[in-house]
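Biologist: I would like a close look at one part of this model. Please take me through the charged side chains there.

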Amino acid sequence: MEIQAQDFYPQIIADLKNQIATLADQKATQSALVALQQNEIKKLEEQLKEAIEKKEEMEKELAAEKAKHAGHVHTKGGNE
């Protein structure tokens, strides 16, 4: 009994359809992961922005405190 090439076509087509479905699932998974990573990046960028703003605010407060205390520094004079 000789096997004809066309006998394999339905199986080949089914295999190709399965491969396409698998690739589509992989693409969907990758897209979902990219979306999650982008959300995480946005959160981290916002946290970084807040941290920088807080740092700058603290630096201003520190500079103000230093300036305030610089005016109150007592130097040794002749009346001590």
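How exposed is Lys 68, and what is its relative accessible area?

Modeller: Keep in mind that this model is predicted. Lys 68 is partly exposed, and its relative accessible area is 48%. Its side chain meets that of Glu 65 in a salt bridge, at 3.8 Å from N to O. That counts because the cut-off for a salt bridge is 4 Å between such atoms. Glu 65 is partly exposed as well. Its relative accessible area is 37%. Both Glu 65 and Lys 68 belong to helix α1. They sit three residues apart, which is about one turn of the helix.

The structure has two salt bridges. Now take the pair Lys 55 and Glu 59. Their side chains meet in a salt bridge at 3.1 Å, N to O. Why is about one helical turn between them? Lys 55 and Glu 59 are separated by about one turn because they are four residues apart in helix α1. Glu 59 is partly exposed, with 43% relative accessibility.

Next, look at the surface for negative charge. Glu 46, Glu 50, Glu 53, Glu 56, Glu 57 and Glu 61 gather there in a negative patch. Pick out Glu 57, one of this group. Glu 57 lies in helix α1, which covers residues 9–70. Its relative accessible area is 47%, so Glu 57 counts as partly exposed. A residue can join a patch only with over 30% relative accessible area and no salt bridge.

Note on methods. Residues are numbered from 1 along each chain as its sequence is written. This is a predicted model: local features need pLDDT of at least 70, side-chain atom pairs count only at pLDDT 80 or more; totals for chains, interfaces and linings use all residues. Side-chain values use heavy atoms; hydrogens and water are left out. Patches are made of residues with over 30% relative accessible area and no salt bridge: like charges are joined within 9 Å, nonpolar side chains (Val, Leu, Ile, Met, Phe, Trp, Tyr) within 5 Å. Accessible areas come from the Shrake-Rupley method with a 1.4 Å probe; for residues, only the protein chains shown count as cover. Lys and Arg count as positive and Asp and Glu as negative; His and the chain ends are not counted. The place of a charge is taken as NZ of Lys, CZ of Arg, CG of Asp or CD of Glu. Helices (H or I, at least four residues) and strands (E, at least two) are DSSP runs, numbered from the N terminus. Buried means under 20% relative accessible area, exposed over 50%, partly exposed in between (1.4 Å probe, protein chains only).
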